[in-house]
Amino acid sequence: MPPAHPFDDDKLKEECGVFGVVGVADAANFVALGLHALQHRGQEAGGIVTHHTDTGFHQVRRMGLVRDNFTSASMMEKLPGGIGIGHVRYSTAGAKGQTNMRDVQPFFGEFSMGGAAIAHNGNITNALSLRKELIERGSIFQSTSDSECIIHLMARSMGRNIPDRMEEALRKVEGAFSVVAMTRTKLIGCRDPLGVRPLVLGKIGDGWVLASETCALDIIGAEFVREIEAGEMVVATERGVESHFPFRRQKSRFCIFEHVYFSRPDSQLGGRSVYETREAIGRELAKEAPVDADLVCPVPDSGTPAAIGYSLESGIPYAMGIIRNNYMGRTFIEPTEQIRNMGVRLKLNVNRALIKGKRVILVDDSVVRGTTSRKIKEMILDAGAAEVHFRIASPPTAWPCFYGVDTPEREKLLAATMSEDEMCKHLGVDSLRFISLDGLYRAVGEAKGRDANAPAYCDACFSGEYPVAPSDMIEQGFRSKQAAE
């Protein structure tokens, strides 16, 4: 399946979303709603597994969006039962952008004590070496996904029950993982020891919910209970929730880019509203990089809260200078080179009457390759803007992520090869400024900025400091910042 917008590869792609529920009637309906709320985390494919006491496990996997696959009564009748888990996917491992049905999660396995399904958000950094070892010992893989390693490790475990086997398997895994799994009666959730990817616990009636973000609890009317802690495993049944910590306790290193871009603005992370954090990022940006201008305009939609914050702090009026076409979907015209060049205009259009003759500050969440930024700048100038100033609500993305985000190779990242001034010249704008890493930390609640000796977040895509060594990539020749120094 091709990317939804074949001409726009200039954004970091969301990772995946996971959701699970136990102790409700018709669990699949709740899972489908939860996945719909998490659709921003992956649009290539989705899957649901449920269990019914009379008919056993049921599973459906489909390519495309949740709304196109898991809304009809006939489809949901294929997924009976009071416990279920689901997954929405953007490929961060395996064949990126070319998802095969065999790679669509949740994965299911039959063990001596019964079946289990597992859905994973994140990326296993030692998956290649694990896979090689497992194949040499006789495992037969059905997919190209790193997540399947967990199922095979569970199959080889001698644990007494599924949670014990999952615990033993995850101890052998490196990298980032927020996992939701299920047996016939148990809903299991676990985060890696650094808590890189999010996972929250909710309550609905007498049942329990696990989800990547709180917005997925809101859509089904569930009460937010708390975040699953870094390194914690919870087992939820209709009787309640048990919790323990199977890994050596470490200081959390949650992904700071979740605050900047990935999570929905109506979610909460670490007790903070994502929207309010992004507005605070805009305020910090206005303090660090002021400029005389007439309008502050967001690059929709992800730049909107930061643009509002910049406007409030600077006193420069906020305006919707760029309008997004929310109904675009995949282009209905064969994407020839001419159509590819029109790509941004198919998705975004300039409000010419507002822009003409104005000095415009454009606020965006990030610059990856810079291709989209250049096209947006050209559109603004074509509309008659007097000046264009870019303000970016994240530090320069100069390093690839190996923890569940599909980042281009380092040499394709603009900030890896150019300074801020060089990027400004390359994009052809009047000025370009990124928020500093300290400024970003202040915006997410770290009043003193970033502690270089013990950072509170994973910020490897900005700093090049990887909290878990990407061992597979290093074996393939990747040179980390530490190695380069």
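1. A cavity is a set of points where a 1.4 Å probe fits but cannot get out. With that in mind, have a look inside this model, which is a predicted one. How many cavities of 30 Å³ or more does the structure hold? There are 3 of them, and the largest cavity takes in about 110 Å³ of space. Its lining is made up of 16 residues, and those closest to the centre are Cys255, Phe257, Cys401, Ala460 and Cys461. Two helices, α8 (257–262) and α18, each give at least two residues to this lining.

2. Now for the sheets. Strands of a sheet pair through backbone hydrogen bonds, either parallel or antiparallel. You can find both kinds here, so let us take them one at a time.

3. To see the antiparallel pairing up close, pick out strand β1 (residues 16–22) and strand β4 (residues 83–89). These two are joined by 7 bridges in the antiparallel sense.

4. Strand β21 deserves a point of its own. On one hand, β21 pairs with strand β20 (residues 359–364) in the parallel sense over 6 bridges, and the bridge partner of Arg359 in β21 is Glu387. On the other hand, β21 pairs with β22, again in the parallel sense, over 4 bridges; here Arg391 has Arg433 of β22 as its bridge partner. Is β21 largely enclosed or exposed? Because 5 of its 6 residues are buried, β21 is largely enclosed by the rest of the structure.

5. Next, some backbone details to check for yourself. Most residues other than glycine have a negative phi, and most peptide bonds are trans. Where does this model depart from that pattern? The peptide bond from Gln105 to Pro106 is cis, with omega near 0°, and Pro106 lies in the loop between β4 and β5 (107–111). The bond from Pro300 to Asp301 is cis too, with omega near -5°; Asp301 belongs to the loop between β17 (295–298) and α10 (304–314). As for phi, Asp26 has a positive value near 55°. This residue is in the loop between β1 and α1 (27–37), and Asp26 is partly exposed, with a relative accessible area of 46%.

6. A pair of aromatic rings is described by the distance of the centres and the angle of the planes. The count for this structure comes to 12 aromatic pairs. In one of them, Phe402 and Tyr466, the ring centres are 5.5 Å apart and the planes meet at 35°, so the pair is tilted. Phe402 is in the loop between β21 (387–392) and α15 (414–417), while Tyr466 is in the loop between α18 (460–463) and α19 (471–475), so the pair ties together parts 64 residues apart in sequence. Both Phe402 and Tyr466 are buried. They also belong to one aromatic cluster with Trp399, Tyr403 and Phe478.

7. Lys203 lies over the face of Trp208, 4.6 Å from the ring centre. In the other example, the charged end of Arg249 is placed over the ring of Phe245, at 3.9 Å from its centre.

8. You will find Pro193 in the loop between β8 (187–191) and β9 (200–204). Is Pro193 buried or exposed? Its relative accessible area is 17%, so Pro193 is buried, the cut-off being under 20%. Along the chain, Pro193 and Gly47 are 146 residues apart, and their C-alpha atoms are separated by 27 Å.

Methods. Residues are numbered from 1 along each chain as its sequence is written. This is a predicted model: local features need pLDDT of at least 70, side-chain atom pairs count only at pLDDT 80 or more; totals for chains, interfaces and linings use all residues. Side-chain values use heavy atoms; hydrogens and water are left out. Two strands pair if DSSP finds at least two bridges between them. Buried means under 20% relative accessible area, exposed over 50%, partly exposed in between (1.4 Å probe, protein chains only). Rings of Phe, Tyr and Trp (its six-membered ring) pair if their centres lie within 6.5 Å; planes under 30 degrees apart count as stacked, over 60 as edge-to-face and the rest as tilted. A charge sits over a ring if NZ of Lys or CZ of Arg is within 6 Å of the ring centre and within 35 degrees of the ring normal. On a 1 Å grid over the protein atoms alone, a cavity is a set of points where a 1.4 Å probe fits but cannot get out, and a pocket is an open set with protein on both sides within 12 Å along at least five of seven lines; lining residues have an atom within 4 Å of a point. Grid points are joined across faces, edges and corners, and a volume is the space filled by probe spheres set on the points.
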